[in-house]
Amino acid sequence: MATDLDKQSKAGNERSDGFVQRLHLKNAASGALQGLTFAVKDNIAVQGMVAGFGSPFWANMQSPAPAHADCVQKVLDAAAELVGTTICDELTLSMDGINAFYGTPVNTRYPERIPGGSSSGSASVVAAGHADFAIGTDTSGSVRVPAAYCGTYGLRSSHGLLSKDGVLPLGETFDAVGIFSRQAQVLTRVLSVLLGV
């Protein structure tokens, strides 16, 4: 008879498309990011949804977000379309990209290898072409490592440069918002919107 731990271990070994939930949310008809799709890590607030922090136990104790995180609102206002929330390591506490509850996002560059974490789903969906860019967070490598593993661009902003309003903290004096993209030009456009320049 399988125990809960056995079931969790099996789920962690199963491959996933990187999404916790798929969405189709667009706020503006035109703007600097018109025509681009994006996804956000499961520790970033999307209005009306629970940021699950990679854990169904955490999610069950939370209320839906009353507003979008600042980084989500800015890119929505620039006419990007939100296509989903993405898997992260449970409570963002690992660099592997494996989640015992939601599975391991596929590393499309090297399918037999892990995607890296904790922003594993964000890197995975961008690398697979499911989104033009994704927003993640980086405390000690959580954007840079999965970007390197999955073969995408990954930018960790300087600490405090981009607003963390609506982002669940791991280490507040180190946390930073980051961006994934397959194209440097797209990454630059998104950064410009987030900086308001």
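Leucine 91 is placed in the loop between β4 and β5, where helices (H or I, at least four residues) and strands (E, at least two) are DSSP runs numbered from the N terminus. This is a predicted model, in which local features need pLDDT of at least 70 and side-chain atom pairs count only at pLDDT 80 or more, while totals for chains, interfaces and linings use all residues. Residues are numbered from 1 along each chain as its sequence is written, and side-chain values use heavy atoms, with hydrogens and water left out.

The phi of leucine 91 is near 55°, a positive value in a residue other than glycine. Most residues other than glycine have a negative phi, and most peptide bonds are trans.

## The sheet and the helices on it

Six strands form an open sheet in the order β2-β4-β3-β6-β8-β7, with mixed pairing; two strands pair if DSSP finds at least two bridges between them. Because β2 (19-25) and β7 (153-156) stand at the edges with a single partner strand each, one side of each has no neighbour in the sheet. From one strand to the next the twist averages 20°.

Helix α4 (residues 120-127) packs on this sheet, touching β2, β3, β4 (81-86), β6 and β8 (176-181), and its direction makes about 160° with that of β6. Contact means heavy atoms within 4.5 Å, and axes are lines fitted to C-alpha atoms, for helices over the stretch in contact, with angles from 0 to 180 degrees between N-to-C directions. Helix α6 lies across β6, β7 and β8, and runs at about 150° to β8.

## A phenylalanine pair between β3 and β6

Strands β3 (residues 37-41) and β6 (residues 133-138) run parallel and are joined by 3 bridges, and phenylalanine 38 has phenylalanine 133 of β6 as its bridge partner. The rings of phenylalanine 38 and phenylalanine 133 also form a stacked aromatic pair, 5.2 Å centre to centre with 10° between the planes (ring centres within 6.5 Å; stacked under 30 degrees, edge-to-face over 60, the rest tilted). Since phenylalanine 38 lies in β3 and phenylalanine 133 in β6, the pair ties together parts that are 95 residues apart in sequence.

## Where α3 meets α6

The axes of helix α3 (residues 70-77) and helix α6 (residues 184-195) come within 9 Å and cross at roughly 115°. The contact is made by Cys71, Lys74 and Val75 of α3 together with Val190, Val193 and Leu194 of α6.

Note on methods:
Rings of Phe, Tyr and Trp (its six-membered ring) pair if their centres lie within 6.5 Å; planes under 30 degrees apart count as stacked, over 60 as edge-to-face and the rest as tilted.
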